[in-house]
Amino acid sequence: MVKPAGEGTGATGSGGRRNRHGAGQFGALGLYLADPRLEESVLAVLEAVEVELRASVDSADPLVTEAARH
């Protein structure tokens, strides 16, 4: 299980790695990823998944769409 950024775990208490100044380094995902290109790739895939999920719950009835998106 991945814990959200800021939730204390481990020896550092931050749930992530520390830089040389002792500060936690979390990206947009709330995870430490050493390679910025990897984070960019993961974010792009997650955005594509979100687009597909939104499209799959669209309905002619706005109430159904709203409930499905919830």
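What share of the contacts in the protein with a separation of 6 or more comes from residues 24 or more positions apart? The share is 8%, where contact means heavy atoms within 4.5 Å.

This is a predicted model, so local features need pLDDT of at least 70 and side-chain atom pairs count only at pLDDT 80 or more, while totals for chains, interfaces and linings use all residues. Residues are numbered from 1 along each chain as its sequence is written, and side-chain values use heavy atoms, with hydrogens and water left out.

**View 1. The whole protein has 2 helices and 0 strands.** Helices (H or I, at least four residues) and strands (E, at least two) are DSSP runs, numbered from the N terminus. Of the 70 residues, 7% count as buried. Buried means under 20% relative accessible area, exposed means over 50%, and partly exposed lies in between (1.4 Å probe, protein chains only). The accessible surface comes to about 5600 Å². Carbon and sulfur atoms hold 57% of that surface. Accessible areas come from the Shrake-Rupley method with a 1.4 Å probe; for residues, only the protein chains shown count as cover.

**View 2. Helix α1 covers residues 36–56.** The expected span of a helix is 1.5 Å times one less than its number of residues. For the 21 residues of α1, that gives 30 Å. The end C-alpha atoms are 30 Å apart, which agrees. Glu-40 lies in this helix. Glu-40 counts as exposed because its relative accessibility is 59%. The C-alpha atoms of Glu-40 and Gly-27 are separated by 9.8 Å, and the two residues are 13 apart along the chain.

**View 3. Asp-35 caps the N-terminal end of α1.** A side-chain oxygen of Asp-35 lies 2.9 Å from the backbone nitrogen of Arg-37. The side chains of Asp-35 and Arg-37 also meet in a salt bridge (3.4 Å, N to O). A salt bridge is a side-chain nitrogen of Lys or Arg within 4 Å of a carboxyl oxygen of Asp or Glu. Side chains of opposite charge can pair when their charged atoms come close. Arg-37 is exposed, at 66% relative accessibility. Asp-35 is partly exposed, at 28%.

**View 4. Arg-54 forms a salt bridge with Glu-50.** The structure holds 3 salt bridges. In this one, the closest N and O atoms are 3.7 Å apart. Arg-54 and Glu-50 are 4 residues apart in helix α1, so about one helical turn separates them. Both count as partly exposed: Arg-54 at 38% relative accessibility, Glu-50 at 36%.

**View 5. Val-45, Val-49 and Leu-53 make a nonpolar surface patch.** The patch is about 250 Å². Patches are made of residues with over 30% relative accessible area and no salt bridge: like charges are joined within 9 Å, nonpolar side chains (Val, Leu, Ile, Met, Phe, Trp, Tyr) within 5 Å. Val-45 is found in helix α1.

**View 6. Asp-58 and Arg-69 meet in a salt bridge.** The N to O distance is 2.9 Å. This pair links distant parts of the chain, 11 residues apart. Asp-58 sits in the loop between α1 and α2 (62–69), and Arg-69 in helix α2. Asp-58 is partly exposed, at 48% relative accessibility.

**View 7. Thr-65 is a buried residue of helix α2.** Its relative accessible area is 11%. Not counting residues up to four places away in sequence, Thr-65 touches Val-57, Asp-58 and Ser-59.

Key. A polar contact is a pair of N or O atoms within 3.5 Å; within protein, one must be able to donate a hydrogen and the other to accept it, and residues adjacent in sequence count only if both atoms are side-chain atoms.
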